[in-house]
Amino acid sequence: MDALRHVVEGRFTHTCEDPDPHHKLFRVNLRHVRSLLISTIALGLAGCSIGGHGPHGGHNVSWYLHHQKAMRAQLAWCQNSAGRDKYRSCKNARTAQGKALGHNVKNTINSL
C-alpha cells in the first residue's frame with residue numbers, strides 16, 4: 001500500500017533485495033517518466049500529419065508520374081467530394097495527369 005501511495009504522489013522508490021541499510025535507493029520520479037512518455041508520443045504523432053490527403057496523398061508531381069495507378073486512385077478520391085481539389089495532393093496528382101502523356105511517350109521512345 002505504501003508503494004501505491006508513492007505512485008499516486010508521483011514518485012516511486014525501488015530497492016534491491018539486499019537489506020543493507022547503507023544501500024542507496026533508486027528513485028524514479030514518475031512525473032519525469034510521464035513527461036518523457038508524452039513527449040515521445042507527441043513526436044511520434046507529428047509524423048502523422050494531415051498533409052497526405054487521400055489514398056496516396058502527400059506525394060509530389062514526380063512521384064505521381066512514376067506511380068500512375070496510384071495517381072488515378074488519388075484523382076478518383078479527389079473528384080469524389082467537393083472541396084478536395086484544394087488539397088496539395090489533389091493538385092499534384094492533377095498536374096501529373098497533365099504531364100503523364102508526355103512522360104509516357106518519352107519513356108516509350110527511350111525504351112526503343
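A residue counts as buried when its relative accessible area is under 20%. N92 has a relative accessibility of 11%, so N92 counts as buried. Please keep in mind that the model is predicted. With that cut-off in hand, let us walk through the structure.

## The chain as a whole

The secondary structure of the protein chain comes to five helices and two strands. Following the sequence, these elements come in the pattern α-β-β-α-α-α-α. The protein chain has 112 residues, and 19% of them count as buried. Its accessible surface is about 8700 Å², with 60% belonging to carbon and sulfur atoms. Turning to contacts with a separation of 6 or more, 35% of those in the protein chain are made by residues 24 or more positions apart.

## The nonpolar core

Which residues make up the largest nonpolar core? There are eight in all: V61, Y64, L65, M71, L75, A93, A96 and A100.

Leaving aside neighbours within four places in sequence, Y64 is in contact with H56, G57, G58, H59, M71, Q74, S89, N92, A93 and A96. Among them, M71, A93 and A96 are also members of the core.

A100 is another core residue, and A100 lies in helix α5. At 7% relative accessibility, A100 is under the 20% limit and therefore counts as buried. Beyond its neighbours within four places in sequence, A100 touches L65, Q68 and M71.

N92 is found in helix α5. What is N92 in contact with, leaving aside its neighbours within four places in sequence? The partners are H59, N60, V61 and Y64.

## The disulfide

How many disulfides does a search of the whole structure find? The search finds one. This disulfide joins C78 to C90, with an S to S distance of 1.9 Å. The pair links distant parts of the chain, twelve residues apart: C78 sits in helix α4 (residues 68–79) and C90 in helix α5 (residues 88–111). The angle about the S-S bond is -90 degrees, and the link of C78 and C90 is left-handed.

Are the two cysteines buried or exposed? C78 has a relative accessible area of 6%, so C78 is buried. C90 is buried too, because its relative accessible area is 0%.

## A nonpolar patch on the surface

Helix α5 also holds L101. L101 counts as exposed because its relative accessibility of 64% is over the 50% cut-off. Together with V105 and I109, L101 forms a nonpolar patch on the surface, and the three have about 310 Å² of accessible area together.

## Accessibility side by side

Here are the residues discussed above, with their relative accessibility.

| Residue | Relative accessibility | Class |
|---|---|---|
| C78 | 6% | buried |
| C90 | 0% | buried |
| N92 | 11% | buried |
| A100 | 7% | buried |
| L101 | 64% | exposed |

A100 and L101 make a handy pair to look at in the viewer: A100 is buried, whereas L101 is exposed.

Conventions
Residues numbered from 1 in each chain as written. Predicted model: local features only at pLDDT ≥ 70, side-chain atom pairs only at ≥ 80, totals over all residues. Heavy atoms only, no water. Disulfide = S-S within 2.5 Å. Helix = DSSP H or I, 4+ residues; strand = E, 2+ residues; numbered from the N terminus. Buried < 20%, exposed > 50% of the residue type's maximum accessible area, 1.4 Å probe, protein only. Patch = residues over 30% accessible without salt bridge, like charges linked within 9 Å, V, L, I, M, F, W, Y side chains within 5 Å. Areas by Shrake-Rupley, 256 points an atom, 1.4 Å probe, with all protein chains shown as cover. Salt bridge = Lys/Arg side-chain N within 4 Å of Asp/Glu carboxyl O. Contact = heavy atoms within 4.5 Å. Core = buried A, V, L, I, M, F, W, Y, C linked by side-chain atoms within 4.5 Å.
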